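Welcome! Please take a moment with the sequence and the structure below, and then read on for a guided briefing.

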Amino acid sequence: MDDLFAPSDVSWTPVSPKLATLRRLNAAIVAGLAAIVALVALGLTLSWLYGVLAVVVIALLLGWAWVLIGRNQRSWKYAEREDELLVSHGVMFRELVVVPYGRMQFVDVTAGPLERAYGMATVELHTATPATDAKIPGLHPDEAGRLRDRLSALGQAQAWGL
Amino acid sequence: MTQDPVTQQTVEVVGQRLHPLTPFVKGWGYFVVAAVALVNNEGLRSNLTVAGIGLAGVLVGGILLGALSWWFTKWQLTGDAIRVDSGFLFRRTRIIRFDRIQAIDVAQPFVARLFGMAELRMDVAGGGKSDGKLSYFRYDEAQQLRTTLLVRAKGEKAAEQQEHDQQAEALAPPLLTVPTNRLLGATLLSSTVVASAGALVWLIVATMVLDFHIGLFAGLPLLLGVVQPIWKQVVGNHGFTLSESSHGLRTKRGLFDVQRQTVPPGRVQGLLITEPLIWRLLGWSRVELDIAGVAGQKEDGDDALEGAQLLPVGERAEVAYVLARVLPGFDLSRIQMHPAPERAKWLRPVGWRYLMYGVDDQVMVTTRGWVSRRTSIVLHHKTQSVRLEQGPIQRRLGLANVHVDTPLGPTDATALHRDQAEAAALVAAQAERAREARRTVAASVAVQTQPNPPSPDGSSNSAASPADDSSDR
């Protein structure tokens, strides 16, 4: 089954497990804020019982998200073939993107404050169409830099006009 | 707001004014609207004095404003540029250098044509369409000015060459014309118009029979749905002509405002053939193109995503002919199409029968849709990326989608709901084909893909200027 979205003729590189930690932290922050707002708002308007109930529901959702994030993180992987970059991700909605290096228009390396704190960066490859969705999150900054340089070099060497 | 600086500035500017009837030609719409509003207004009609004063006020005000704008608009030719000063409250000076002018065309919108007037359109690289407009002149004056500008911008020889090109183009017989009655019939039978008209008829009947007056509010958008496509198709595509020129295929269309477009060979990214339900019975279809640099660019009020039209409505033989013109050696009927597996009907109860794809060594073809069937044709060596996608329901059914991405445009090559093993194989094969095509085509078609040198092309090829291609090679 898994072979369909990850052809075995290339070696796949997983992304950092810290990506899951980061996303869980993100989810926990959002859930925490939502829980506080729900507790106070429901508690003041209806009754505190409903507020506590809402907090429990949010906690359950967070628990579910916790598991999903772990599975999702394990699904992210990428591979560099001779002429193409392959990115595969998703558990429920799975996607495999194949982008020839020569089609690259530019490469983005981004890192938000939380990403930086965890020592991670995101590399995104852009082609002439916005539909191409070749994004690799959770890379070590050195690896991101290496990938960026390699992609731009390969993109230049194999560049092929529209 | 003070008059002094304005008058001082105008004294400094020496130049020529435009045709004195310009404000009327530009603003005739307002007069018509004002007159119609006055005539239709019950209160005003019963009180004729007020109506007369109102109309006179609008007329005088309009004429005054128009005259002011005309008075303060002046143009002049300087050593290396054309300079246009305009505006009486907010002065504006625009200087267009001769060497920045890509093309100059004389155009005659409908009302201007009635008065024997014309406007000058200068294509300036990077500028919008309205940036280089100068209106209005007497027709012969405009022609003369165009020649002068051409000579200054491109030199004598180029100007002559261009005249020659234009004459040759006018003489060459068109490859294809679309008769107006077919255009009209096709528009009347297109899905949007039929659906809107049907809804409108139902609405009228419902209103008459059931006294259901609230529904009338829905009538306006429906009426618009009937009238707008007819207007756009019949007026916009009137006299659609496809011809061959030294720069590629050329299309010419429009009743009031003639639009020309050039399709350079090798810049075509993909084709889209659309066949609405009723058209299929008559064997009609529409062909659109993705051209690098054209799609996504706004073209005078058209939709942002509209590519180039190759054929607004054509019969099967004509479609096959234009396809063979754009893609030499290509025959759609020869491509083996693979239908989607039957279990796709859980996701597409009716449309699954029409989900197909086919591949040959040059292109990939996908078909979908049962109300309006869309056939996308994408070239392997233009493929940007290939994607394999699967949602949770598809996973249970063992299906997956394959997207072949091309640059922005109307085509959308997606092989929907294929068997997942087949889809995975297709992605690998498609990547392989794109790679092969890039390698083999690199030698042969790259010559074709080469942009036309910035030749003295003075006619208004509004789209596909060969400017942006060379940069990313």
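**A first look**

In chain A, buried residues make up 29% of the 162 residues, where buried means that 20 or more other C-beta atoms, placed from the backbone, lie within 10 Å of a residue's own. This is a predicted model, in which local features need pLDDT of at least 70 and side-chain atom pairs count only at pLDDT 80 or more, while totals for chains, interfaces and linings use all residues. Residues are numbered from 1 along each chain as its sequence is written, and chains are lettered from A and ligands numbered from 1 in the order in which they are written.

**Chain A**

- Chain A has five helices and seven strands; these are DSSP runs numbered from the N terminus, with at least four residues (H or I) for a helix and at least two (E) for a strand.
- Starting at the N terminus, the elements of chain A follow the order α-β-α-α-β-β-β-β-α-β-β-α.
- Helix H2 (residues 18-45) and helix H3 (residues 48-75) of chain A have axes that come within 9 Å and cross at roughly 170°; axes are lines fitted to C-alpha atoms, for helices over the stretch in contact, and angles run from 0 to 180 degrees between N-to-C directions.
- H2(A) and H3(A) are therefore roughly antiparallel to each other, a label for angles over 145 degrees.
- The contact of H2(A) with H3(A) has 20 nonpolar, four polar and two charged residues. Here Ala, Val, Leu, Ile, Met, Phe, Trp, Tyr, Cys and Pro count as nonpolar, Asp, Glu, Lys and Arg as charged, and the others, Gly among them, as polar.

**Where the chains meet**

- The contact between the chains takes 26 residues from chain A and 28 residues from chain B, with two residues in contact if their C-beta atoms, placed from the backbone, lie within 7 Å.
- On the side of chain B that touches chain A, strand S19 (385-390), strand S20 (399-405) and helix H14 (420-449) each give two or more residues.
- The largest share of that side, ten residues, comes from H14(B).
- Strand S4 (residues 94-100) of chain A pairs with S19(B) in the antiparallel sense over five bridges; pairing requires that DSSP finds at least two bridges between two strands.
- Within this pairing, A:Leu96 stands opposite B:Leu388.

**Nonpolar cores**

- The largest nonpolar core has 77 residues, and A:Val98, B:Leu388 and B:Val427 are among those with the most contacts inside it. Such a core is a set of buried Ala, Val, Leu, Ile, Met, Phe, Trp, Tyr and Cys residues joined through C-beta atoms within 7 Å.
- H14(B) gives the most to this core, with seven residues.
- A second, separate core of 20 residues includes B:Trp70 and B:Tyr136.

**Strands of chain B**

- An open sheet of seven strands in chain B has the order S14-S13-S12-S18-S17-S16-S15, with antiparallel pairing.
- Strand S14 (308-315) and strand S15 (337-339) stand at the edges with a single partner strand each, so one side of each is left without a neighbour in the sheet.
- Inside the sheet, four bridges join strand S16 (residues 356-359) to strand S17 (residues 363-368), and B:Tyr357 stands opposite B:Thr366 in S17(B).
- Elsewhere, strand S3 (residues 81-86) of chain B runs antiparallel to S4(B), joined by six bridges.
- S3(B) and S4(B) form a hairpin with five residues between them, and B:Gly87 in the turn has a positive phi of about 85°.
- Strand S4 (residues 92-97) of chain B lies largely in the open, because the number buried among its six residues is zero.

Terms used
Buried ≥ 20, exposed ≤ 12 C-beta atoms within 10 Å, placed from the backbone. Parallel < 35°, antiparallel > 145°, perpendicular 65-115°, else oblique.
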